[in-house]
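Dear colleague,

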There are 2 protein chains.
Amino acid sequence: MPPKQLYSLKSENIPRATIQRLALYVQVLEDLDRQGTEVISSELLAKACTVNPSQIRKDLAYFGEFGVRGVGYYIKDLIGAIKQSLGVDHVWKTVLVGVGNLGRALLNHAEFRLRGFDIIGAFDCDPFKIGEQVSGLEVLCTKRLKEKVHELDVNLGIITTPPERAQRAANHLVEANIHGILNFAPARITVPDYVYVEYVDFFHHMYSLAFHITLEKER
Amino acid sequence: MPPKQLYSLKSENIPRATIQRLALYVQVLEDLDRQGTEVISSELLAKACTVNPSQIRKDLAYFGEFGVRGVGYYIKDLIGAIKQSLGVDHVWKTVLVGVGNLGRALLNHAEFRLRGFDIIGAFDCDPFKIGEQVSGLEVLCTKRLKEKVHELDVNLGIITTPPERAQRAANHLVEANIHGILNFAPARITVPDYVYVEYVDFFHHMYSLAFHITLEKER
DNA sequence: GAGTGTGAATATCTTCACAGCT
DNA sequence: AGCTGTGAAGATATTCACACTC
């Protein structure tokens with residue numbers, strides 16, 4: 001028998017695309033909330049997200065019934081419900097490996113903390129960088145990652161190393177018992193099954209732009 | 001009758017996922033090429049990309065027949081074929097709007113030029129930033145974007161402004177007749193149909209990590 | 001023998017359409 | 001009357017399985 005859950009997951013297999021859209025809904029809903037809107041229908045939210053209204057209702061239905069028939073969704077409640085469903089209703093402690101240009105930019109990116117991701121450790125293997133202060137954090141030697149992660153009870157890791165060092169960074173994170181990795185390095189990494197990896201690769205997006213523009217031009 | 005094409009597109013409707021995977025194949029293939037491998041089967045490439053071998057063959061089949069039965073794919077040839085299919089066999093001139101932490105990091109990111117995306121203009125509306133030199137470029141006022149884009153024949157735009165200024169940046173890019181936009185700002189933007197937009201939102205990925213880890217813990 | 005290219009089968013995701021609540 | 005929640009239908013994407021080629 002499965003353990004009792006914090007929220008009602010109606011199905012085991014939630015499409016990956018649904019999760020991505022939920023993150024989008026939160027973004028758009030928080031915008032609407034700031035603007036003072038209190039209630040919204042799936043139709044209007046759909047328009048703002050450029051998706052189909054049924055899509056939104058289906059996506060939400062995986063987690064529960066958050067709407068009111070004849071009325072729509074109370075925005076504040078819905079934001080709360082989605083955030084709880086996604087597990088972002090609390091702060092996630094995060095470490096970053098690779099203090100290059102991109103790493104620095106992310107460490108200085110205030111939005112991370114704002115969105116519930118608190119980067120509490122910065123690591124690099126370059127002796128010239130170790131000891132440096134970046135955005136209020138002292139850059140530490142990657143060898144000390146495991147120790148620090150245990151000390152501070154960290155859950156997530158971000159890799160911003162050059163591609164050739166991404167696998168080593170991943171190994172350190174796995175060794176430190178981190179179960180979620182966001183990899184910005186343009187390189188595949190191999191990790192055990194229980195570690196979940198997300199890739200952010202700008203070039204894949206640039207390639208996609210190039211392709212679609214080329215296609216359009218040829219028409 | 002459609003105009004003659006540079007490469008043989010077998011179908012009009014190529015899945016978006018296929019394009020993303022092709023970019024991944026190029027990445028992995030270039031790695032293999034650097035390591036000196038000359039030929040690879042769909043099975044081995046599939047393993048390296050963690051996808052299904054038929055998937056690879058199907059993806060490639062949209063563009064042509066690049067393999068040799070009984071042998072596999074010649075890596076150098078395949079890289080060339082995919083790059084040509086995607087339209088990344090030549091340099092794409094690119095401008096960037098929003099010279100904040102992230103913008104600076106991208107301007108300093110040598111890999112962009114290496115991968116065929118040459119960022120030749122940096123724009124911002126902050127008078128304190130205008131005139132500053134970043135990675136060999138003078139930061140210009142966003143008002144001069146149109147003029148510069150025409151002068152230099154630019155095709156792609158990157159938005160790295162704060163979310164509240166993303167739409168204005170997009171308007172400037174559309175005005176300058178740019179047809180492809182990579183938007184790093186965590187905000188939806190509205191553009192005409194003929195403009196293709198790709199979104200890069202770190203937080204969507206962070207949310208996804210949070211969700212999958214939460215799910216795993218509850219099991 | 002080995003491995004591609006591809007139609008057919010399967011799985012997955014999206015949209016429709018409407019019953020059911022407020 | 002209005003809008004959600006959802007089974008059924010439709011569209012898309014992935015995988016299988018094998019004919020075909022080197």
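How much area do chain B and chain A bury between them, and what share of it lies on carbon and sulfur atoms? In this model, which is predicted, the two chains bury about 6,500 Å² between them, and 68% of that area is on carbon and sulfur atoms. On the side of chain B that touches chain A, the largest share comes from helix H9 (residues 202-218) of chain B, which supplies 17 residues. The contact as a whole takes 71 residues from chain B and 71 residues from chain A.

Within chain B, seven strands form an open sheet with mixed pairing, in the order E5-E6-E4-E3-E7-E8-E9. Strand E5 (133-134) and strand E9 (196-199) of chain B are the edge strands, since each of them pairs on one side only. Strand E3 (residues 92-97) of chain B runs parallel to strand E4 (residues 117-124) of chain B, and six bridges join the two; here Val97(B) stands opposite Phe123(B) in E4(B). Helix H8 (residues 166-175) of chain B packs on the sheet, where it touches E3, strand E7 (156-159) and strand E8 (180-183) of chain B, and its direction makes about 170 degrees with that of E7(B).

As for chain A, the unreviewed UniProt entry places a feature called "DNA-binding region" at residues 24-63. Over residues 24-63 of chain A, the chain is 70% helix and 5% strand, with the end C-alpha atoms 16 Å apart.

With best wishes

How values were computed
Residues numbered from 1 in each chain as written. Chains lettered and ligands numbered in written order. Predicted model: local features only at pLDDT ≥ 70, side-chain atom pairs only at ≥ 80, totals over all residues. Heavy atoms only, no water. UniProt positions renumbered as here; feature names shortened; annotations may be inferred. Helix = DSSP H or I, 4+ residues; strand = E, 2+ residues; numbered from the N terminus. Pairing = 2+ DSSP bridges. Contact = heavy atoms within 4.5 Å. Axes fitted to C-alpha atoms, helices over the stretch in contact; angles between N-to-C directions. Buried area = accessible area lost by both parts, 1.4 Å probe.
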